[in-house]
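Dear colleague,

Please find the structure below. My notes on what was found in it follow directly after.

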Amino acid sequence: MKNIDMNQTPLKNKIEEALQSLDAVQRATPRPFLMTRIHARMNKESLSVWERVGELFIQPRWILTGLCLVLAMNAAVVLFNNRSNDAVVSTIEQTNSEEDYSTAVATLYDLENNEP
Amino acid sequence: MLNQPEFIVQLKQGEEVAFTKLVNDYEGMVYNTVLGILQVPADADDITQEVFIQVYRSISSFKGESQFSTWLYRIAINKALDYEKTTKRKKRFAFIQSLFGKSDSSMTTVPDFNHPGVILEKKQSSAALFAALKKIPEKQRIAFTLHKLEGQSYRAVADIMETTVIAVESLMARAKESLRKELKNFYQHEKY
């Protein structure tokens, strides 16, 4: 019991000491030139909507994203054009080959009697 | 301090001189209060700037029903508490991210805070007190900070917190009790 008391007293003293540590505290002051920092902040915050949008889009990540988007769109256009050219060419080739290998002989009789 | 009615009128008219005087006269009060709550000098500096910008922009909403300093204290406390909540939310998010292997090194815990106004012999015990302050309920912490750190009377604290003097007395008593518990834990783990 005596041991516990002996341990408790310094602990209690420490606690009370900590609780009273702010008794003669001085007021903390901010870094110098607070007014200048406030002005700079106010100027930054008073930018127009377009200026803010402009500021947003000059960030490297947005520039990079935009660049990737433009490149992707270019690649898509090139690919799309190549595919449609291929399709036209293959249709023409198909028609030509059908005509080349056709066994039907177009005669004047066929043209005149095409109605049932 | 400033002659309030004239000063408020000047501020409401957007006079630069009045705003400069406001910042010069009240910067210590705002910064010290915010620093007591946040315990990070850089954050306290940031929030102090925000407080003055808000005062400049919303001075028209000040009706003069309370002291100007009371109104200013309320703005400072609200701003500091809002910032603290945002920081805590970010820390929680960073913790979740760290569970998935994405850790943010900037979200590490804040080291022991030493208030610049505390005398050298008391630095160690005040650091323990500030660490304990972070763990007690918000209202108790605000009452304790305003009374002990800002030297405000119970009457003034009651005005700032929009409560009664009896409620502040009760808050202070509970704050001391909570702090004793936290300090006991702290010192027992520290193996003083």
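Chain B consists of domain 1 (1-110) and domain 2 (111-192), with bounds that come from an automatic or database domain assignment. Please note that this is a predicted model, in which local features need pLDDT of at least 70 and side-chain atom pairs count only at pLDDT 80 or more, while totals for chains, interfaces and linings use all residues. Residues are numbered from 1 along each chain as its sequence is written, and chains are lettered from A and ligands numbered from 1 in the order in which they are written.

Between the C-alpha centres of domain 1 and domain 2 of chain B there are 20 Å. Contact joins 12 residues of domain 1 of chain B to 11 residues of domain 2 of chain B; two residues are in contact if their C-beta atoms, placed from the backbone, lie within 7 Å. On the domain 1 side, helix H2 (16-38) and helix H4 (68-99) of chain B each supply at least two residues. Helices are DSSP runs (H or I, at least four residues), numbered from the N terminus. The largest share of that side, five residues, is provided by H4(B).

Chain B also meets chain A: 31 residues of chain B are in contact with 22 residues of chain A. At least two residues of the chain B side come from each of H2, helix H3 (41-58), helix H5 (123-133), helix H6 (138-149) and helix H8 (165-190) of chain B. H2(B) gives the most to this side, with seven residues.

Yours sincerely
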